[in-house]
Amino acid sequence: MAFRDFTFPEVQQALGISVSEADLCSRIPPTEVRVEFMEVIRDGVVLALAVNTEKARSEFIIAPLLLELRRSKGGGFGLFSGIEFDVDASRGLNGYCDFILTKLPRQIILTAPIVTIVEAKNDNLRSGLGQCIAAMVAAQEFNRKEGTVSDAIFGVVTTGSAWKFLQLRGSEVTVDIDEYYIDDPGRIMGILAYLIHSV
């Protein structure tokens, strides 16, 4: 078993967590976005939606947005893509994560605290909730093993065009009631920046 094998809502029983919904992000202000980046993301969206694969969405929308966020924050956080994240294979807390954001900007090795897990899905946000929640539980365990206790772990499930944010505190996952859309990248980047710096 691995992250990708967890489904929603079955992940709750499998990992002993509960899930609720709340407004997590609507009050977080957007980040100002460069005009040049708006052109890049518009072109990326057109191409990704035309190709219509998870890989295209990841490469042409999600990765450029995360890279632009990192650039705008002066490289102030770690950004990892497609790395193996094996924390506890006996519980299925292992596998590959599409993107991991860390509090520390060090890139040579994954370090605690892990702040955010980003899972890309082709066209259905709900299909990624189980996998994302399992990876968030793994991040929580990873931070604990590294001696860094974070108040919260955040997760994102995204199709590239739609973004859904999650928060894990203890054994309680809160799923944001809202979805955010790539036609407002400053809003998505503002939320991600807030989450990274709130830990």
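User: Where does K164 lie?
Analyst: This is a predicted model. In it, K164 lies in strand β6, residues 162-169.

User: Is K164 buried or exposed, and which side chain of opposite charge is nearest?
Analyst: K164 is buried. The nearest side chain of opposite charge is E179, 4.4 Å away. K164 has no salt bridge, because the cut-off is 4 Å between a side-chain nitrogen and a carboxyl oxygen.

User: What does the side chain of K164 reach, then?
Analyst: It reaches the backbone oxygen of D176, at 2.9 Å.

User: Which residues is K164 in contact with, leaving aside its neighbours within four places in sequence?
Analyst: There is a run from V175 through D176, I177 and D178 to E179. G155, V156 and V157 are also on the list, and so is L125.

User: Let's zoom out. How many helices and strands does the protein have?
Analyst: Five helices and eight strands. Along the sequence the pattern reads α-β-α-α-β-β-β-α-β-β-β-β-α.

User: How does the radius of gyration compare with the globule rule?
Analyst: The radius of gyration is 16 Å, close to the 16 Å that the rule gives for 199 residues, so the protein is as compact as a globular protein of that length. The C-alpha trace spans about 45 × 30 × 30 Å along its principal axes.

User: And what share of the residues is buried?
Analyst: Buried residues make up 52% of the 199. On contacts, take those with a separation of 6 or more: 63% of them are between residues 24 or more positions apart.

User: Switching to salt bridges. How many are there?
Analyst: The count comes to seven. One network links R34, E36, E68 and R71.

User: What does R34 do in there?
Analyst: R34 forms a salt bridge with E68, the closest N and O atoms being 2.8 Å apart. R34 sits in the loop between β1 (18-22) and α2, and E68 in helix α3, so the pair ties together parts that are 34 residues apart in sequence. R34 also meets E36 in a salt bridge, at 3.9 Å from N to O.

User: What about R169 and D151?
Analyst: Their side chains meet in a salt bridge, 2.1 Å from N to O. This pair links distant parts of the chain, 18 residues apart: R169 is in strand β6, and D151 is in the loop between α4 (129-145) and β5 (153-158). R169 counts as partly exposed, at 36% relative accessibility. D151 counts as exposed, at 57%.

User: Cysteines next. How many disulfides are there?
Analyst: Zero, in a search of the whole structure.

User: Are C25 and C97 buried or exposed?
Analyst: C25 is buried, with a relative accessible area of 2%. C97 is buried as well, at 1%.

User: Last topic, the backbone. Where are cis peptide bonds?
Analyst: One joins F8 and P9, with omega about 15°. P9 is in the segment before α1 (11-15). Another joins A112 and P113, with omega about 0°. P113 lies in the loop between β3 (96-102) and β4 (114-120).

User: And what is phi of N52?
Analyst: Near 60°, a positive value in a residue other than glycine. N52 is in the loop between α2 (35-51) and α3 (54-72). N52 is partly exposed, with a relative accessible area of 35%.

Note on methods:
Residues numbered from 1 in each chain as written. Predicted model: local features only at pLDDT ≥ 70, side-chain atom pairs only at ≥ 80, totals over all residues. Heavy atoms only, no water. Disulfide = S-S within 2.5 Å. Buried < 20%, exposed > 50% of the residue type's maximum accessible area, 1.4 Å probe, protein only. Helix = DSSP H or I, 4+ residues; strand = E, 2+ residues; numbered from the N terminus. Lys, Arg positive; Asp, Glu negative; His and termini not counted. Polar contact = N/O pair within 3.5 Å; in protein donor to acceptor, adjacent residues only side chain to side chain. Contact = heavy atoms within 4.5 Å. Rg over C-alpha atoms; globule rule 2.2 N^0.38 Å.
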